[in-house]
Amino acid sequence: MEVTGKLKDFLNIESGTSKTGKEWQKQTVIIDTGGEFNNLVAISAFGEDKIKKLNKLEVGMQVSILCNVYSREYNGRYFHNIDGYFFTNQTNASSDKITNGEAEEDMPF
């Protein structure tokens, strides 16, 4: 799924330890899609590498984020997660894609 809009805010980085003892980090951003209803979307980036890519964006930028949307059940209730994995700055006409820290080149085909 792709979410596009204006980057409104970065929330604080959350961290912890899983049941198996692995350390984890998560940062959430708020995107204003500009829609008439329910226009704010919270998207999380898990892992240090994705957080670094996410932090190359700035508040106020027009962005596009590719993400996975999923739900899980807990005690008869469902909880939804939106996890971003590809972050693009749409503010500039060149629309630099943030992948491995470098802008992707246009392919000839």
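Leaving aside neighbours within four places in sequence, which residues is serine 44 in contact with? The model is predicted.

**View 1. Serine 44 and its contacts.**
Serine 44 is found in strand 4, residues 40-46. Beyond four places in sequence, its contacts are Lys26, Gln27, Thr28, Ile82, Asp83 and Gly84. One of these partners, threonine 28, also makes a polar contact: its side chain meets the side chain of serine 44 at 3.0 Å. Is serine 44 buried or exposed? Serine 44 counts as buried, because its relative accessibility is 10% and the cut-off for burial is under 20%.

**View 2. The whole chain, for orientation.**
The protein has 1 helix and 7 strands. From the N terminus on, their order is β-β-β-β-α-β-β-β. Of the 109 residues, 28% count as buried. The accessible surface comes to about 7,800 Å². Carbon and sulfur atoms hold 48% of that surface. Among contacts with a separation of 6 or more, 47% join residues 24 or more positions apart.

**View 3. Strand 1 and its two partners.**
Strand 1 covers residues 2-10 and pairs with strand 5, residues 62-74. The pairing is antiparallel, over 5 bridges. Glutamate 2 stands opposite leucine 66 of strand 5. Valine 3 has isoleucine 65 of strand 5 as its bridge partner.

How many bridges join strand 5 to strand 6? The number is 12, and the strands run antiparallel. Strand 6 spans residues 77-89. Tyrosine 70 has asparagine 81, in strand 6, as its bridge partner. The two strands form a hairpin with 2 residues between them. In the turn, asparagine 75 has a positive phi of about 55°.

**View 4. The largest nonpolar core.**
This core has 15 residues. Which of them touch the most other members? They are Val29, Ile31, Ile43, Leu57, Val63 and Ile65. Two or more core residues come from each of strand 1, strand 3 (23-32), strand 4, helix 1 (48-54) and strand 5. In soluble globular proteins, nonpolar side chains tend to be buried together.

**View 5. Isoleucine 65 and its neighbours.**
Isoleucine 65 is among the core residues that touch the most other members. Not counting residues up to four places away in sequence, isoleucine 65 touches Met1, Glu2, Val3, Val29, Ile31, Ile43, Gly84, Phe86 and Phe87. One of these, valine 3, is also its bridge partner.

**View 6. The salt bridge on helix 1.**
The structure holds 1 salt bridge. Glutamate 48 forms it with lysine 52, and the closest N and O atoms are 3.6 Å apart. Why are the two residues separated by about one helical turn? They are 4 residues apart in helix 1, so about one helical turn separates them. Lysine 52 counts as exposed because its relative accessibility is 52%, and the cut-off for exposure is over 50%. Side chains of opposite charge can pair when their charged atoms come close.

Terms used:
Residues are numbered from 1 along each chain as its sequence is written. This is a predicted model: local features need pLDDT of at least 70, side-chain atom pairs count only at pLDDT 80 or more; totals for chains, interfaces and linings use all residues. Side-chain values use heavy atoms; hydrogens and water are left out. Two strands pair if DSSP finds at least two bridges between them. Buried means under 20% relative accessible area, exposed over 50%, partly exposed in between (1.4 Å probe, protein chains only). A polar contact is a pair of N or O atoms within 3.5 Å; within protein, one must be able to donate a hydrogen and the other to accept it, and residues adjacent in sequence count only if both atoms are side-chain atoms. Contact means heavy atoms within 4.5 Å. A nonpolar core is a set of buried Ala, Val, Leu, Ile, Met, Phe, Trp, Tyr and Cys residues joined through side-chain atoms within 4.5 Å. Accessible areas come from the Shrake-Rupley method with a 1.4 Å probe; for residues, only the protein chains shown count as cover. A salt bridge is a side-chain nitrogen of Lys or Arg within 4 Å of a carboxyl oxygen of Asp or Glu.
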